[in-house]
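Subject: Structure handover

Hello,

Here is the structure for you to look at. My notes follow below it.

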Amino acid sequence: MASMRDIKRRKGSIQSTQQITKAMKLVSTVKLQRAKQRAEQSKAYFNCMYETVTSMLARTGGLNHPYLKAGESEKKAIIVITSNRGLAGGYNSNVVKLITKGDFKKEDLEIYAIGKKGKDTLQRYGYHIMEENSDIIEEPSYVDAMAIGRKLLDAYAAGEIGEIYLAYTGFKNTVVHEPKLLKLLPVEAAENADTSQETGSKAMMNFEPEDDEALDMIIPKYVTSLIYGGLVEACASENGARMQAMDSATSNAEEMIDHLSLMYNRARQGSITQELTEIIAGANAIS
Amino acid sequence: MADDNRNFTLKIITPDRVFYEEEVSMVEFNTVEGEVGIYKNHLPMTMIIAPGILTITRGDEVREAALHAGFTEVLPDKVTILAEIIEWPSEIDVARAKEAKTRAEERIKEHAPGTDLNRAELALKRAVARIETVRD
């Protein structure tokens with residue numbers, strides 16, 4: 001049995017760890033509130049954007065637009081959104097798994113990393129990191145999303161990459177986050193299968209300028225908005241995941257402290273009993 | 001009554017927030033095809049926005065904002081503007097806009113190799129729109 005002093009020291013160290021995890025949980029709770037609000041506020045924009053783009057694509061279905069068919073290049077660009085800091089449970093590794101376990105060829109991939117953790121892991125696995133923009137995950141802004149979107153679209157237009165994907169963690173609610181892999185370009189026609197149910201007002205929509213040109217201008221905005229949406233959701237998910245991880249760490253620490261307290265008290269009692277026995281035995285020996 | 005019937009819903013959404021949502025009688029802005037003004041019962045249409053001033057008329061009240069990019073969906077009784085960047089005059093930093101204007105003008109004048117002319121022109125338009133919004 002460990003000595004009383006050892007147990008006490010161990011308990012002390014767990015207690016201070018618990019204090020840290022508790023504080024981190026509080027911090028991420030506050031951050032989560034803010035990120036959640038943000039994600040909700042931006043939802044209106046994306047829903048509207050999505051509707052417009054799908055209704056447009058439904059009309060221009062047969063169009064042979066470069067944004068609608070796969071580029072010739074084998075290269076695939078993936079934007080990987082992870083966090084800059086750890087201690088968020090499986091948050092980062094789940095996103096990385098999407099890529100390592102997915103059916104991509106390592107040589108074909110070009111990683112545009114947002115978030116240090118994902119970048120480090122993928123780099124260790126030998127993936128080709130094209131770019132790293134890890135600062136923007138702290139405070140996602142639309143301008144950042146625009147900059148990344150423009151870069152990727154330029155590369156796509158120049159034929160350097162054939163497909164663009166976005167790997168991020170979707171935020172369903174505070175406890176449910178799911179890693180998602182989204183194909184940004186080419187825009188897939190399959191997702192517009194249900195557009196036949198579109199309301200009449202949408203069906204007779206006119207476009208100014210004409211379809212082809214409008215597509216040229218709207219698709220980049222669509223891609224940007226998806227990137228921004230990914231950033232905002234990932235930010236909320238990160239804090240949600242961290243909150244959960246820290247919550248369970250705190251309760252685990254609580255459990256360990258309880259157990260150690262019990263051990264400590266037993267050891268204390270044991271030592272008192274032993275001392276008493278020794279005194280009594282000593283007194284008996286004298287008399 | 002007649003007055004009420006002339007109003008339609010204008011909704012301006014940015015990625016960060018719902019910028020404006022109100023019953024209005026007219027809205028004007030720039031599109032890539034030119035300036036447009038929209039009343040109620042307009043033909044359903046989707047238009048791409050060019051940098052310029054957005055004017056909202058609501059009864060006797062007129063409000064302006066600098067609208068830089070996005071697109072708009074017009075329905076007979078509802079207009080939705082998906083704005084990537086939009087600002088009320090109070091949110092505009094005039095000094096910065098003027099700086100951006102001179103910078104963009106220089107870039108266009110010099111036309112050094114490697115400069116993206118389209119981008120410089122867009123930047124110039126944005127700066128001009130900002131400055132004009134504040135001046136009015």
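Two strands pair if DSSP finds at least two bridges between them. Helices (H or I, at least four residues) and strands (E, at least two) are DSSP runs, numbered from the N terminus. This is a predicted model: local features need pLDDT of at least 70, side-chain atom pairs count only at pLDDT 80 or more, and totals for chains, interfaces and linings use all residues. Residues are numbered from 1 along each chain as its sequence is written, while chains are lettered from A and ligands numbered from 1 in the order in which they are written.

First, the sheet. Chain A has an open sheet of five strands, in the order 3-2-1-4-5, with mixed pairing. Its edges are strand 3 (129-132) and strand 5 (177-185) of chain A. Strand 1 (residues 76-81) and strand 4 (residues 163-171) of chain A pair in the parallel sense, over five bridges. There, A:Ala77 has A:Ile164 as its bridge partner.

Next, the contact between the chains. Residues are in contact if their C-beta atoms, placed from the backbone, lie within 7 Å. Chain A gives 21 residues and chain B gives 21 residues. On the side of chain A that touches chain B, helix 1 of chain A gives the most, with seven residues. Helix 1 (4-59), strand 6 (206-208) and helix 6 (211-286) of chain A each supply at least two residues there.

Strand 6 of chain A runs parallel to strand 5 (residues 45-49) of chain B, joined by three bridges. A:Glu208 stands opposite B:Met47.

Best wishes

Conventions
Contact = placed C-beta atoms within 7 Å.
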